[in-house]
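My notes follow the structure.

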Amino acid sequence: MSGRRTGQGGPRVVTLGESMIVLNPATAGPLRHVQTFHRSLAGAESNVAIGLVRLGVTTGWVSRLGDDEFGRYALATLRGEGVDVSRVIIDDAAPTAVYFKELRAGRDPAVYYYRRGSAASRLGPADIGEEYVAGAELLHVTGITPALSDSCARAVFTAIEIARAAGVKVSFDPNYRSKLWSSEQARTTMRQIARQADIVMPGIAEAELLTGHQDPARAAAALVAAGAGLAVVKLGAAGALVAGGETTTPQNVPGFAVTPVDSIGAGDAFAAAFLAGILSGQSPIAAARQGNSAGAMATQVVGDWEGMPEGDALAAFMAGREAAAR
Ligand code: KDG
């Protein structure tokens, strides 16, 4: 998958989905007691887009944003990070979505969404530029977008159809969000997507949801048997299991021991660095090691994308080199 598709001026990777304003609490505990929030941007697909761009891979993000202050902030942030936002539609009929994080000692944060009826939930098949997707090397989709609305689900399947017809690889991170749909709805739709994807990157629980196997190695093998070219099950701090390609038996790629300050976005950092590795011709094992490193690094910074590493920082982390603190 290394090398540029010829005759196209667009980004190497295209992704689509919803970005929201995230309000990060300044203090831990139930939100009713939190007085101060720090505003930032969130959205699994735009997180991956930022991560890819930071690793030198041109990436475009397709979506709708409200014609409001938060929409303008989201657009400026993504543009500032170097993501191609030329296909983003400003929709004056609906707002940009918002979500709140709640910090809980010793556990992953809880999230509260205010996104129903948002501008991004109005994304539809007509918003997917055929040439834009067909000119890329990779289309990246997640299981969040089809959960937002029927038109979003159709947009995802349209993008996949365009990609497959044009020989563009498809990667899929299930990113199951139980607050958006039932596990039965999610399983049905996600299986349809996984079957058509070249690369499937679930977490342990998502791998079980997709395959019925609790054991990640069996789940990874089942995903490959169901049609995925490569299956990578993310195991959190324990690393990742890689199956498919030249890896006949699922192989464990160990993770890095770090003390997280914010785990949200680690999976997106993994996805970005893994995909960047594959796009640059690395083996799936080497790409997973790079993904594990980026995932660990992302947990060291508060925010969903702020901790996504640039190439130099990633290389230094992987080599065990620490930047001097003083
Ligand atoms: O993957 C991190 C995401 O959970 C976050 O940035 C917000 O897209 C998001 C979601 O739907 O939860």
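**Ligand site**

I looked up where the ligand sits, and it is in the largest pocket. A pocket is an open set of points on a 1 Å grid over the protein atoms alone, with protein on both sides within 12 Å along at least five of seven lines; a molecule sits in one if more than half of its atoms lie within 2 Å of its grid points.

I note that this is a predicted model, where local features need pLDDT of at least 70 and side-chain atom pairs pLDDT 80 or more, while totals for chains, interfaces and linings use all residues. Residues are numbered from 1 along each chain, and side-chain values use heavy atoms, without hydrogens and water.

I listed the 13 residues around the ligand (a heavy atom within 4 Å); Tyr113, Arg115, Arg177, Asp268 and Asp304 come nearest.

I then checked polar contacts (N or O atoms within 3.5 Å). Ligand oxygen atoms lie 2.5 Å from a side-chain N or O atom of Tyr113 and 2.8 Å from one of Arg115. The protein covers 95% of the 320 Å² of accessible area that the ligand has on its own (Shrake-Rupley method, 1.4 Å probe).

**Aromatic pairs**

I found 5 aromatic pairs (ring centres within 6.5 Å). Phe37 and Phe100 are edge-to-face (planes over 60 degrees apart), at 5.4 Å and 80 degrees.

Terms used. Polar contact = N/O pair within 3.5 Å; in protein donor to acceptor, adjacent residues only side chain to side chain. 1 Å grid on protein atoms, 1.4 Å probe; cavity = no way out; pocket = protein on both sides within 12 Å on 5 of 7 lines; lining within 4 Å. Phe/Tyr/Trp six-rings, centres within 6.5 Å; stacked < 30°, edge-to-face > 60°.
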